[in-house]
Amino acid sequence: MALTDTTSTRAIVAPDHRPTRPRHGTGRLVLGIPYAVFTGALAIIFLYPLVWTTVSSFSPQAGSAQTDGWGFGNYVSLANFQAGIWVYLGNSLFVSLVTVVLTLITSFLGGYAFARFSFPGKNLLFLLVLAILMVPYATLLIPLYVILNAIGLNNSLFGVALVLTMFQLPFSMFMMRISFESIPREMDEAALVDGCNSFSALWRVLLPAVKPGLITVGLFAFLTAWNDFIAPLILINDTNRMTLPLAVANLRGQVMGVVDYGATEAGVVVLALPCVVLFLVLQRHYVRGFMSGAFKG
């Protein structure tokens with residue numbers, strides 16, 4: 001009698017080897033909450049004074065031009081102060097634009113020379129330019145006052161712009177040098193092979209490449225010149241040539257030494273508005289300018 005194998009056969013199912021996706025959603029959420037809280041707190045800390053000043057410039061305050069209800073009384077007081085706000089705005093705009101133009105031209109050409117050419121004493125000269133940062137700002141104003149007086153630029157807005165340009169040179173020259181050094185030299189050589197001379201290669205090829213650095217330099221120069229107080233205070237003695245920061249400082253204590261907080265807050269808002277608008281418009285180029293040369297090599 002033949003024996004048959006009655007053992008039942010079991011089906012073997014292969015395990016699922018599909019890779020499981022890492023679950024980072026919860027981890028990112030946990031790490032993102034402290035980051036959001038921290039950055040939000042920083043934003044509140046920095047924005048609160050500006051928001052408070054803006055609201056207070058329209059609110060009623062004792063001892064100001066806006067004593068009853070909300071309105072523009074403080075701004076009217078600011079506009080009618082001495083020569084008028086438009087004169088002081090024009091003075092500040094003139095000083096700022098001249099400073100920006102002179103800073104851009106000098107730093108653009110100087111940065112190109114330091115980055116692309118070799119000449120005796122190049123590094124020493126660059127260190128001397130950077131050494132301006134090591135000298136306290138206020139200690140140079142009296143010698144500069146004497147020099148400007150000797151050349152006939154005392155009590156001159158153009159003289160103030162020259163002084164502010166000098167103090168912008170260290171940062172601007174350093175910024176433009178690293179911007180040019182981040183550009184491969186092959187771009188210069190290719191432009192020369194195509195028939196450009198050195199000036200044409202600089203203007204047509206390198207200028208668009210270093211535009212973020214130029215925007216960063218120009219923005220810094222404008223903010224410094226627009227908000228500077230001590231240089232016009234020392235170098236300007238004509239009330240009709242005062243810049244807006246100096247006019248706001250004189251306005252705040254014009255009546256028997258009593259501080260007019262309303263007019264002062266209105267002046268701060270007028271001073272801050274162009275800076276905020278410019279920064280928001282140029283923010284993308286500003287960040288790219290600071291990243292110039294960061295990943296070089």
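In which helix is Val 51 found? Val 51 is found in helix 1, residues 25-58. The structure is a predicted model, in which local features need pLDDT of at least 70, side-chain atom pairs count only at pLDDT 80 or more, and totals for chains, interfaces and linings use all residues. Residues are numbered from 1 along each chain as its sequence is written, and side-chain values use heavy atoms, with hydrogens and water left out.

**Figure 1. Overview of the chain, with 12 helices and zero strands.** Along the sequence the pattern reads α-α-α-α-α-α-α-α-α-α-α-α. Helices (H or I, at least four residues) and strands (E, at least two) are DSSP runs, numbered from the N terminus. Of the 297 residues, 38% count as buried; buried means under 20% relative accessible area, exposed means over 50%, and partly exposed lies in between (1.4 Å probe, protein chains only). The accessible surface comes to about 18500 Å², and 69% of this surface belongs to carbon and sulfur atoms. Accessible areas come from the Shrake-Rupley method with a 1.4 Å probe, and for residues only the protein chains shown count as cover. Among contacts in the chain with a separation of 6 or more, 75% are accounted for by residues 24 or more positions apart. Contact means heavy atoms within 4.5 Å.

**Figure 2. Val 51 in helix 1.** Val 51 counts as partly exposed because its relative accessibility is 49%. The C-alpha atoms of Val 51 and Val 269 are separated by 9.4 Å, while the two residues are 218 residues apart along the chain.

**Figure 3. The crossing of helix 3 and helix 6.** Two packed helices are described by the angle between their axes and the distance between the axes. Here the axes of helix 3 (residues 85-116) and helix 6 come within 6 Å and cross at roughly 35°. Axes are lines fitted to C-alpha atoms, for helices over the stretch in contact, and angles run from 0 to 180 degrees between N-to-C directions. Helix 3 passes helix 6 in a right-handed crossing; a crossing is right-handed if the near helix is turned clockwise from the far one by less than a right angle, and left-handed if anticlockwise. The contact of helix 3 with helix 6 has 18 nonpolar, 10 polar and three charged residues. In this classification Ala, Val, Leu, Ile, Met, Phe, Trp, Tyr, Cys and Pro count as nonpolar, Asp, Glu, Lys and Arg as charged, and the others, Gly among them, as polar.

**Figure 4. Asn 91 in helix 3 and Arg 177 in helix 6.** Asn 91 counts as buried because its relative accessibility is 10%. Leaving out residues up to four places away in sequence, Asn 91 touches Leu 157, Asn 240, Arg 241, Met 242 and Thr 243. Arg 177 is also buried, with a relative accessible area of 12%. With residues up to four places away again left out, Arg 177 touches Gly 111, Phe 114, Ala 115, Lys 122, Asn 123 and Phe 126.

**Figure 5. Packing of helix 6 against helix 9.** Helix 6 (residues 157-181) and helix 9 pack at an angle of about 165°, and their axes are 10 Å apart. The two helices are therefore roughly antiparallel to each other; angles over 145 degrees count as roughly antiparallel, those under 35 as roughly parallel, 65 to 115 as roughly perpendicular and the rest as oblique. Helix 6 passes helix 9 in a right-handed crossing. On the helix 6 side the contact is made by Leu 164, Gln 168, Phe 171, Ser 172, Met 175, Met 176 and Ser 179. Helix 9 contributes Gly 213, Leu 214, Thr 216, Val 217, Phe 220, Ala 221, Thr 224 and Ala 225. By class, the residues of this contact divide into nine nonpolar, six polar and no charged.

**Figure 6. Helix 8 and helix 9.** The axes of helix 8 (residues 198-209) and helix 9 (residues 211-227) come within 5 Å and cross at roughly 65°. Helix 8 and helix 9 are therefore roughly perpendicular to each other. Leu 207, Pro 208 and Ala 209 in helix 8 meet Lys 211, Pro 212 and Leu 214 in helix 9. These residues divide into five nonpolar, no polar and one charged.

**Figure 7. Asn 155 and Asn 237, two loop residues.** Asn 155 lies in the loop between helix 5 (141-150) and helix 6, and Asn 237 in the loop between helix 10 (230-235) and helix 11 (244-251). Asn 155 counts as buried at 14% relative accessibility, whereas Asn 237 counts as exposed at 55%. Most residues other than glycine have a negative phi. Phi of Asn 155 is near 60°, a positive value.
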